[in-house]
Amino acid sequence: MEKAAARVALTVAGWLTVTVLVGPGVANAQEHPRALKELVTRLNVSDRGIAAWLEKLGVRPTGPVGERLLIVDSAGEPIVERNGGTSAVVLDADLDRVLCTPGTSAVLVHNHPSNVGLSAADIGQLSKPGVAAIAAIGHDGSVFIAAAGRGTDRDFLQARQYTQALNEVRRRLQAEWPSQNVSISVSDAQLNHLVARALAQAGIIQYWADLRGDTRASYDLAAPVFNRVVAGTAAYLRQVEKPSLSAHRFTARGSG
Ligand SMILES: [Zn+2]
């Protein structure tokens with residue numbers, strides 16, 4: 001663990017260089033600002049790149065299906081590795097300490113056998129000061145990557161911000177079911193991705209995703225509905241999160 005921690009520290013410089021180079025991009029409220037796109041490029045999540053990641057994560061066409069976590073630097077080089085169960089990887093105390101150390105700038109890459117997007121617990125990792133980004137790679141090749149945004153409330157990202165987004169996305173999806181423009185199963189398959197998109201559109205996190213295979217096909221079945229749900233949820237979040245989203249602008253204080 002000590003050796004791992006040292007390597008984390010050594011790799012910080014590379015990530016910081018990236019951050020400094022593209023720093024101003026972080027400030028805008030797009031779903032994937034320039035800083036995150038730089039990271040996506042460095043991680044290489046092209047078709048061939050994804051095959052290499054799944055290989056590194058130990059995903060084989062046959063054999064046991066479980067989650068594995070790789071903590072990498074900004075160039076995608078592994079620093080720490082952990083094996084998990086079928087649907088989660090438990091972070092031990094030593095590793096958690098590393099992720100909570102400011103300046104570590106770790107990128108967490110793990111696989112999702114079920115192909116769904118980043119979970120509440122995944123997004124919650126972004127509240128740790130040593131975590132630069134988290135990526136989930138579905139076994140169908142879909143990629144989901146998130147980083148903290150200007151509106152991230154590190155004390156309540158998972159407990160309040162994520163929960164509010166989740167509840168609102170669920171509510172809006174359920175309201176769409178009677179129209180038969182979206183099924184319950186397709187809603188479930190896309191839920192995590194939609195919540196992350198809404199959080200990003202509201203400026204709470206940064207988010208980049210590339211859907212492939214069945215995940216892409218299921219999204220395309222109801223894309224107009226999903227865009228409507230995401231836009232509506234983002235507007236709701238901007239409203240309820242007004243104080244934390246505008247806290248960085250002195251002039252905006254007191255106007256809400
Ligand atoms: Zn996950």
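The model is predicted: local features need pLDDT of at least 70, side-chain atom pairs count only at pLDDT 80 or more, and totals for chains, interfaces and linings use all residues. Residues are numbered from 1 along each chain as its sequence is written.

The buried residues of helix 9 are V225, F226, V229, V230, T233, A234 and L237. Seen down the axis, they fall within an arc of 160° (taken from the directions from the helix axis to the C-beta atoms), so they line one face of helix 9. They pack against helix 6 (157-176), helix 7 (184-201) and helix 8 (213-220).

## The whole chain

The chain holds 10 helices and 6 strands. These are DSSP runs numbered from the N terminus: helices are H or I, at least four residues, and strands are E, at least two. Of the 256 residues, 40% are buried.

## Two loop residues

N44 sits in the loop between helix 2 (34-43) and helix 3 (47-56). Its phi is near 55°, a positive value in a residue other than glycine. N44 counts as partly exposed, with 13 C-beta neighbours inside 10 Å.

S105 lies in the loop between helix 4 (93-99) and strand 3 (106-112). The phi of S105 is also positive, near 55°. S105 has 23 C-beta neighbours inside 10 Å, so it counts as buried.

Terms used. A residue is buried if 20 or more other C-beta atoms lie within 10 Å of its own, exposed if 12 or fewer, and partly exposed in between; C-beta atoms are placed from the backbone. Two residues are in contact if their C-beta atoms, placed from the backbone, lie within 7 Å.
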